[in-house]
Amino acid sequence: MPKAKETKTNAMRILETNKIAYKHYTYECGEFTDALQIADLLGMPYEKVYKTLVTAGSGGSYYVFVIPIAKELDLKKAAKSVGEKAVSMIPVKDINRVTGYVRGGCTAVGMKKQYATRLDSSAEELERIVVSGGRIGLQVELAPEDLRKASQAEYAALTV
């Protein structure tokens, strides 16, 4: 029986277009799963797995922050890193409308629009990190610098 063709996500296509090497992992998941559970499912250390958070600034602009899954976003540091007085998490119901991705499958690469993106500076110390691949059940592993380039991010200290 022929193997089913794997569907690539927008994020995967962008990585390939930019000749960025990545490894992908799939896992069974019917709906949103906490990032810590995903790391456990894949047998990965929490320090290596990052989550993508989307915020709105006081002026109405959206901002993307990529931080380690076991850490919490420091909203004051996040706001300062993008030159805003304040930022707040967007409501879950708005994630798809703003990013084109669903909760649990949101990644900084290939959103509907290019938003100002910050990658936690802890990533600079790692050879590889793991982030969502653009859909629930898919993670990609790549060099932090490659993620930074593909998402047009800047490094910043973002966590509590």
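Contact, as used in these legends, means heavy atoms within 4.5 Å. The structure is a predicted model, in which local features need pLDDT of at least 70, side-chain atom pairs count only at pLDDT 80 or more, and totals for chains, interfaces and linings use all residues. Residues are numbered from 1 along each chain as its sequence is written, and side-chain values use heavy atoms, with hydrogens and water left out.

**View A. Leu119 and the nonpolar cores.** Leaving aside neighbours within four places in sequence, Leu119 is in contact with Tyr50, Val66, Ile129, Pro144, Leu147, Arg148, Ala153, Glu154, Tyr155, Ala156 and Leu158. A nonpolar core is a set of buried Ala, Val, Leu, Ile, Met, Phe, Trp, Tyr and Cys residues joined through side-chain atoms within 4.5 Å; buried means under 20% relative accessible area, exposed over 50%, and partly exposed in between (1.4 Å probe, protein chains only). The largest such core has 28 residues, and those with the most contacts inside it are Leu119, Val131, Leu142 and Leu147. At least two residues of this core come from each of α1 (10–17), β2 (50–57), β3 (62–68), α4 (95–99), β6 (129–132), β7 (138–142) and α5 (144–150). Helices (H or I, at least four residues) and strands (E, at least two) are DSSP runs, numbered from the N terminus. Another core, of 11 residues, lies apart from the largest one and includes Tyr63, Ala78, Val87 and Leu158.

**View B. The five-stranded sheet.** Strands in the order β4-β2-β3-β5-β8 make up an open sheet with mixed pairing; two strands pair if DSSP finds at least two bridges between them. Because β4 (87–89) and β8 stand at the edges with a single partner strand each, one side of each is left without a neighbour in the sheet. Within the sheet, β3 and β5 pair in the parallel sense over four bridges. Phe65 stands opposite Arg118 in β5.

**View C. The Arg118–Glu154 salt bridge.** A salt bridge is a side-chain nitrogen of Lys or Arg within 4 Å of a carboxyl oxygen of Asp or Glu, and by this rule the count comes to seven. Arg118 and Glu154 form one, with the closest N and O atoms 3.7 Å apart. This pair links distant parts of the chain, from Arg118 in strand β5 (residues 116–120) to Glu154 in strand β8 (residues 153–156), 36 residues apart. Arg118 counts as buried at 10% relative accessibility, whereas Glu154 is partly exposed, with a relative accessible area of 46%.

View D. The closest N and O atoms of the salt bridge between Arg128 and Glu141 are 3.5 Å apart. Arg128 lies in the loop between β5 and β6 and Glu141 in strand β7, so the pair ties together parts that are 13 residues apart in sequence. Glu141 counts as buried at 8% relative accessibility, while Arg128 is partly exposed, with a relative accessible area of 28%. In helix α5, Glu145 and Arg148 lie three residues apart, about one turn of the helix. Salt bridges that share partners join Lys48, Arg128 and Glu141 into one network. Between Glu145 and Arg148, the closest N and O atoms of the salt bridge are 2.7 Å apart.

**View E. The surroundings of Thr159.** Thr159 is placed in the segment after β8 and counts as buried at 12% relative accessibility. Leaving aside neighbours within four places in sequence, Thr159 is in contact with Ile67, Pro68, Lys71, Glu72, Asp74, Lys77 and Asp120.
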